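Colleague: I would like to learn how to read the features of a protein model, one feature at a time. Could you take me through the one shown here?

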Amino acid sequence: MSRGGYDAVRVAALEPRVKATIALAGTYSLASNWENRSVVSRDAFVKRSGARSDEEARAFAGKMEMAGLGAQIKNPILVLHGKRDPIAPFAGAERLVAQRPTAEIAAYEDGNHGKTHRACETGDTMHAWMSASMGAGTAERRRVEPTRGEGEEGTNDGEQAMGAPRGRSGGTTR
């Protein structure tokens, strides 16, 4: 059960002391994608939520929604999300960003849930973004075009993902 991205958005929306937020692979609506979640993911949620059945867990999951939270966020937010995330659909990241016009998104074309296959790159991106948002360091924030997948024409040789080493960019930021 992955809740970090959801919890980060909820805290950013409801806690005024938060200065900047990174939402990594947050589930916009846990219940709306319930049927598409793997049995392992659903079973983990049943156990960790204290529910006694799949139906009870789904009802509890219905309370975990990001709808309206984006508009309540007053400080910078970076949403990192993989377009191939099987747990938290990318459409939810787009919905969240649409609610907060100043939100930035790093969308990974080949990204899975939490971009665990690109941990170093996403870590660099998050560190540089947070440093810039908090006024620390010299990290430069800029728009980055997505890296082309294998076999696709074009390269991304002129840009770097928010401080990531050359050749490892893959997000888009706005």
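This is a predicted model: local features need pLDDT of at least 70, side-chain atom pairs count only at pLDDT 80 or more; totals for chains, interfaces and linings use all residues.

Colleague: What is the order of the elements along the protein chain, from the N terminus on?

Modeller: The protein chain has 6 helices and 3 strands, and from the N terminus on they follow one another as α-β-α-α-α-β-α-β-α.

Colleague: How should I read the sheet, and in which order do its strands lie?

Modeller: Strands of a sheet pair through backbone hydrogen bonds, either parallel or antiparallel. Here the 3 strands form an open sheet with the order S1-S2-S3 and parallel pairing, where two strands pair if DSSP finds at least two bridges between them. Strand S1 (21-24) and strand S3 (104-108) are the edge strands, each pairing on one side only. Neighbouring strands of this sheet are turned by 15° against each other on average, direction ignored; for such angles, axes are lines fitted to C-alpha atoms, for helices over the stretch in contact, and the angles run from 0 to 180 degrees between N-to-C directions.

Colleague: How many bridges join S1 to strand S2, and which residue of S2 is the bridge partner of Thr21?

Modeller: S1 and strand S2 (residues 77-82) run parallel and are joined by 4 bridges; the bridge partner of Thr21 in S2 is Ile77, and that of Leu24 is Leu80. On the other pairing, S2 and S3 are parallel over 5 bridges, with Gly82 partnered by Tyr108 in S3 and Val79 standing opposite Ile105.

Colleague: Which helices lie across these strands?

Modeller: Helix H1 (residues 4-14) lies across S1 and S2 and runs at about 150° to S1, while helix H5 (residues 90-99) lies across S2 and S3 and runs at about 160° to S2.

Colleague: Is S2 enclosed or open to the outside, and why?

Modeller: Buried means under 20% relative accessible area, exposed over 50%, and partly exposed in between, with a 1.4 Å probe and protein chains only. In S2, 6 of the 6 residues are buried, so the strand is largely enclosed by the rest of the structure. Ile77, Val79 and His81 point one way from S2, whereas Leu78, Leu80 and Gly82 point the other way. S3 is mostly covered too, with 5 of its 5 residues buried: Glu104, Ala106 and Tyr108 lie on one side, and Ile105 and Ala107 on the other. Over the 174 residues of the protein chain, 44% count as buried.

Colleague: Which residues have the most contacts inside the largest nonpolar core?

Modeller: In soluble globular proteins, nonpolar side chains tend to be buried together. A nonpolar core is a set of buried Ala, Val, Leu, Ile, Met, Phe, Trp, Tyr and Cys residues joined through side-chain atoms within 4.5 Å. The largest one here has 28 residues, and those with the most contacts inside it are Val9, Phe45, Met66, Ile77 and Val79. H1, H2, helix H3 (54-61), S2, H5 and S3 each give two or more residues to this core. A second, separate core of 7 residues includes Leu78, Leu80, Ala106 and Tyr108.

Colleague: And how do I read a pair of aromatic rings?

Modeller: A pair of aromatic rings is described by the distance of the centres and the angle of the planes. Rings of Phe, Tyr and Trp (its six-membered ring) pair if their centres lie within 6.5 Å; planes under 30 degrees apart count as stacked, over 60 as edge-to-face and the rest as tilted. By this rule there are 2 aromatic pairs. Trp34 and Phe45 form an edge-to-face pair, with 5.6 Å centre to centre and 80° between the planes. Trp34 is in the loop between S1 and helix H2 (39-49), and Phe45, 11 residues apart from it, is in helix H2. Trp34 counts as buried at 0% relative accessibility, as does Phe45 at 2%. Trp34, Phe45 and Phe60 form one aromatic cluster.

Conventions. Residues are numbered from 1 along each chain as its sequence is written. Side-chain values use heavy atoms; hydrogens and water are left out. Contact means heavy atoms within 4.5 Å.
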